[in-house]
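Dear colleague,

Please look at it first; my notes follow below.

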Amino acid sequence: MLLRCKARLPPPPPPLLLLLLGPLGPFSPGALAGPVQAEDPAELDFSTERPVHQVSPAFLSFTIDASLATDPRFLTILGSPKLRTLARGLSPAYLRFGGTKTDFLIFDPQKEPTFEERSYWQSQVKQDICKSGSIPSDVEKRLQMEWPFQEKLLLQEQYQKKFKNSTYSKPNSFRKKAGIFIDGLQLGKDFVKLHKLLGKTSFKTANLYGPDIGQPRGKTVPMLRSFLKAGGKVIDSVTWHHYYLNGRIATKEDFLNPDVLDTFTSTVQKIFQVVEETSPHKKVWLGETSSAYGGGAPLLSNTFAAGFMWLDKLGLSARMGIEVVMRQVLFGAGNYHLVDENFEPLPDYWLSLLFKKLVGTNVFTASVKGPDRSKLRVYLHCTNVNHPRYKEGDLTLYALNLHNVTKRLQLPYHLFDKQVDKYLLQPLGPDELLSKSVQLNGQTLKMVDDHTLPALTEKSLRPGSSLGLPAFSYGFFVIRNAKVPACI
C-alpha cells in the first residue's frame with residue numbers, strides 16, 4: 001500500500017553542516033555517486049643519450065610462402081597492380097620466398113609453362129616495363145651459359161635425395177616433414193660448400209642466411225650451436241623462426257595476454273646466447289614470424305587483435321638487437337596474411353605501413369614508471385626522417401594498452417612542452433577487436449584506388465597534453481622538435 005505523507009519538510013541544515021557532511025556523502029552506501037576523478041597519467045622514462053641498437057632500414061620485412069607457387073595463378077597474383085601498390089608501401093624491405101614447401105620444390109627448365117604463366121609473361125612483354133627491346137645478346141648468352149652450371153651444382157644432390165647442398169626451412173623439423181635427419185654440423189658444412197659454389201658464379205657477392213631453425217627448444221639449440229661452429233663464418237646473419245601460439249587452439253584471451261607476449265623475450269635471449277658463444281657479433285634476423293603457427297589462428301590472426309602481438313614483437317625485437325623481422329606472410333597462406341585473398345589490406349598491414357612511415361632505425365629504451373609495465377607497453381626510436389613532416393632529432397614513441405580502460409601517458413619533464421602528433425589505431429565496426437577494418441584517429445583506412453594508398457593523417461596534440469590510449473588500442477606518437485642529439 002502506497003502512503004502519501006503531507007508533512008512539511010524540515011528546513012535545510014546550516015551551511016556549516018553541509019560543509020562537514022558534503023565530503024562524506026560519496027562514501028556512504030546510499031549516497032549518489034559523485035564525478036569520477038581522472039586517473040593520473042602514467043609517467044614515462046626515456047633514455048636517449050645513445051641508441052641501444054640500430055636496426056636495418058628494412059627492419060620490417062615480409063615473406064611469400066612457397067605454397068603459393070603451387071597455385072596456377074601464382075604469377076598473375078604477384079602481378080596484381082593492387083598487391084604491388086601495397087607491397088611498395090612497405091619498402092624498403094626484404095622479400096623472403098620460403099616455407100616448408102621450398103624443401104620440396106624442384107625447378108624443371110624443360111617443363112612447359114601453364115596457360116596462366118604464359119599469359120602473364122606475354123602481358124609483361126606487351127607492357128614493355130623496362131622500356132627496352134629484347135634482352136641484350138651478351139646478357140642472354142651469359143644466362144644461357146651460367147644457369148645450367150648453377151642448376152647442376154645447386155640441385156644435383158637434391159635430385160639424388162642426398163640434400164647436402166641445399167638450404168632448408170626449419171631443418172630441425174625436416175625429419176618430421178621428409179623422414180630425413182640433417183644435423184647442424186652437416187648443415188654447416190653444406191653452407192660452406194654452397195658458399196664456395198656461389199663464389200664461382202655471378203652470385204659471388206650475394207649474401208647467405210641461415211639456418212632458418214625453429215624456436216630454441218629441444219634439439220634445436222644444439223643444432224644451431226653445431227651449425228654455427230661449422231658454417232657460421234660464411235653466413236651474413238643467423239635466421240630463426242618464432243610463433244607465440246598453436247593456431248588451432250589459440251584464443252582471443254591469449255592474443256591479449258601480456259604473459260604470452262613476455263615469452264618472446266626469453267626466447268630471443270636463448271638465441272643470442274648461442275650466437276655469442278659460437279659466432280660473436282653475428283647479426284640475428286627473425287626470418288619468419290607471426291602470431292600463431294599452423295597458418296595462424298582463424299578469426300584472430302587476421303583481425304585487429306593480432307596487432308598487439310605484432311607491434312610488441314617489433315618493439316622487443318628492435319630493443320633486443322634483432323636487425324630484421326620478416327612477417328609471415330604478405331599474401332596467401334593461412335590466416336596470418338597482411339593482405340587477404342581479395343587484395344584487401346588487413347589491420348596488421350595498416351599497422352605495418354604506419355611503422356614504416358614513422359619509425360626510424362635508432363632504438364632507445366623507454367618504460368612506464370609504476371605497476372602498469374606489463375599491460376601498458378612502450379617503445380622508442382628516432383623518427384623516420386624520410387617522412388616529409390618530420391626532421392632529424394624527432395622521436396617516435398609507440399605504445400599498446402592492454403587494459404580494458406583508457407590509460408594516459410605523461411612525457412618526461414624535458415619533453416613536456418613539445419608538440420606531439422598522434423596516430424591512434426582502433427578497430428572499426430561491431431566486431432570490435434575481431435574486426436578486419438581499422439580506423440586511424442577516427443578515420444577508416446582504405447585504399448583510394450588500386451594504385452593509391454590513403455593519406456595517414458596525424459592528430460596534433462597541444463603541448464603539455466598527456467597521451468591518451470583508449471582500452472585495447474595501440475598507436476604512435478611523434479614528438480616533434482625533440483632535438484635528440486642521437487637522432488641528428
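A residue is called buried when its relative accessible area is under 20%, exposed when over 50%, and partly exposed in between (1.4 Å probe, protein chains only). Helices (H or I, at least four residues) and strands (E, at least two) are DSSP runs numbered from the N terminus.

This is a predicted model, in which local features need pLDDT of at least 70, side-chain atom pairs count only at pLDDT 80 or more, and totals for chains, interfaces and linings use all residues. Residues are numbered from 1 along each chain as its sequence is written, and side-chain values use heavy atoms, without hydrogens and water.

In strand β3 (residues 60-65), six of the six residues are buried, so the strand is largely enclosed by the rest of the structure. In a regular strand the side chains alternate between the two faces of the sheet. Both faces of β3 are covered: Leu60, Phe62 and Ile64 are buried on one side, and Ser61, Thr63 and Asp65 on the other.

Two strands pair if DSSP finds at least two bridges between them. β3 runs parallel to β8 (residues 324-327), with three bridges, and serine 61 stands opposite methionine 326 there. Four bridges link β3 to β4 (residues 95-98), also in parallel; in β4, phenylalanine 62 has leucine 95 as its bridge partner, and isoleucine 64 has phenylalanine 97.

Six strands form an open, parallel sheet in the order β4-β3-β8-β7-β6-β5. β4 and β5 (209-213) stand at the edges with a single partner strand each, so one side of each is left without a neighbour in the sheet.

Yours sincerely
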